[in-house]
Amino acid sequence: GSSTEVEVVAPTTGFYIGSKNAAGNADDNWQGYISEIIIFDKKLSNAYRKEIEVYLGSKYNIIVGE
């Protein structure tokens with residue numbers, strides 16, 4: 001799995017979970033389920049992120065890719 005660091009600079013710019021297209025509208029709607037959202041107050045090391053991915057993969061019985 002991969003992740004992208006996002007900096008939220010102003011609450012008026014919006015915060016999206018799922019999908020939003022580059023034009024800034026919701027035409028690219030998320031299709032599926034989101035089982036859990038975890039928000040951290042700092043950037044995670046790759047090793048710690050991998051530990052979390054393995055834990056969540058086990059918890060939800062899914063295969064986590066490299």
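## A partly exposed isoleucine

Ile17 has a relative accessibility of 45% and therefore counts as partly exposed; the class lies between buried, under 20% relative accessible area, and exposed, over 50% (1.4 Å probe, protein chains only). Ile17 is placed in the segment before α1 (46–59).

Together with Trp30, Ile34, Ile37 and Ile39, Ile17 forms a nonpolar surface patch with about 530 Å² of accessible area. Such patches join nonpolar side chains (Val, Leu, Ile, Met, Phe, Trp, Tyr) within 5 Å, from residues with over 30% relative accessible area and no salt bridge, the latter being a side-chain nitrogen of Lys or Arg within 4 Å of a carboxyl oxygen of Asp or Glu.

## Basis of the model

The model is predicted: local features need pLDDT of at least 70 and side-chain atom pairs pLDDT 80 or more, while totals for chains, interfaces and linings use all residues. Residues are numbered from 1 along each chain as its sequence is written, and side-chain values use heavy atoms, without hydrogens and water.

## The chain as a whole

The protein chain contains 1 helix and 0 strands, assigned as DSSP runs (helices H or I, at least four residues; strands E, at least two) and numbered from the N terminus. Of its 66 residues, 6% are buried. The chain exposes about 6100 Å², of which carbon and sulfur atoms supply 53%.

## The aromatic pair

The structure holds 1 aromatic pair. Phe40 and Tyr48 form this edge-to-face pair, at 6.4 Å centre to centre and 80° between the planes; ring centres must lie within 6.5 Å, and planes over 60 degrees apart count as edge-to-face. Phe40 is partly exposed at 36% relative accessible area, and Tyr48 is partly exposed at 40%.

Technical notes: Areas by Shrake-Rupley, 256 points an atom, 1.4 Å probe, with all protein chains shown as cover. Patch = residues over 30% accessible without salt bridge, like charges linked within 9 Å, V, L, I, M, F, W, Y side chains within 5 Å. Phe/Tyr/Trp six-rings, centres within 6.5 Å; stacked < 30°, edge-to-face > 60°.
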